[in-house]
Amino acid sequence: MSTYLDPFRGLGLGFDAMFDALEAFDSLTPHRTNYPPYNLIRDGENYTLEVALAGFKKDDIQVELKENKLTVENIRKDATENEDYIHRGIASRHFMRQWLLHDDVVVKSASLEDGILSIKMEKIIPEEKKPKIIKITS
């Protein structure tokens, strides 16, 4: 299968996983949408994903990490189908958003407060990837 990254695949060795991950971005959200809106915040090696979820309770939301793919999805059934709305401006439709995490990023916690789902993450660099001084011998 030919992709837009094919011209770059031959420029380095051992980058196959990186190219595969970049191509996986295309499949993260099959129907691209801006709902629900979110923020990505970086503070050094720490990251916070904030997802605006007004009107949702923590039992309505599922946060799943599987094979480096972070998924936030509502699992609430719409109980308001039988209600007679004059105006319905607060969205409660089904959604699923996904983000691809690097191998070194670890999800630490998730909390829902004041309509904002906050997922705290940290980049933890393994010892074998940290810089090291190579002793020069004669």
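**A tour from the sheet to the loops**

Start with the open sheet: four strands in the order β1-β2-β7-β6, paired antiparallel. Two strands pair if DSSP finds at least two bridges between them. Strands (E, at least two residues) and helices (H or I, at least four) are DSSP runs, numbered from the N terminus.

This is a predicted model: local features need pLDDT of at least 70, side-chain atom pairs count only at pLDDT 80 or more, and totals for chains, interfaces and linings use all residues. Residues are numbered from 1 along each chain as its sequence is written, and side-chain values use heavy atoms, with hydrogens and water left out.

Val 106 stands opposite Glu 122 in β7.

Go to Asn 74, in strand β4 (residues 69-74). Asn 74 is buried because its relative accessibility is 2%; buried means under 20% relative accessible area, exposed over 50%, partly exposed in between (1.4 Å probe, protein chains only). Show His 94: a polar contact of 2.9 Å joins its side chain to that of Asn 74. Now pick the backbone nitrogen of Phe 95, 3.0 Å from a polar atom of the Asn 74 side chain.

Move to the loop between β3 (61-66) and β4, where Glu 67 sits. Its phi is positive, near 50 degrees. Glu 67 counts as exposed, at 72% relative accessibility. Asn 68 lies in the loop between β3 and β4, with a positive phi of about 65 degrees.

Finish at Tyr 35 and Pro 36, joined by a cis peptide bond with omega about -10 degrees.

Note on methods
Polar contact = N/O pair within 3.5 Å; in protein donor to acceptor, adjacent residues only side chain to side chain.
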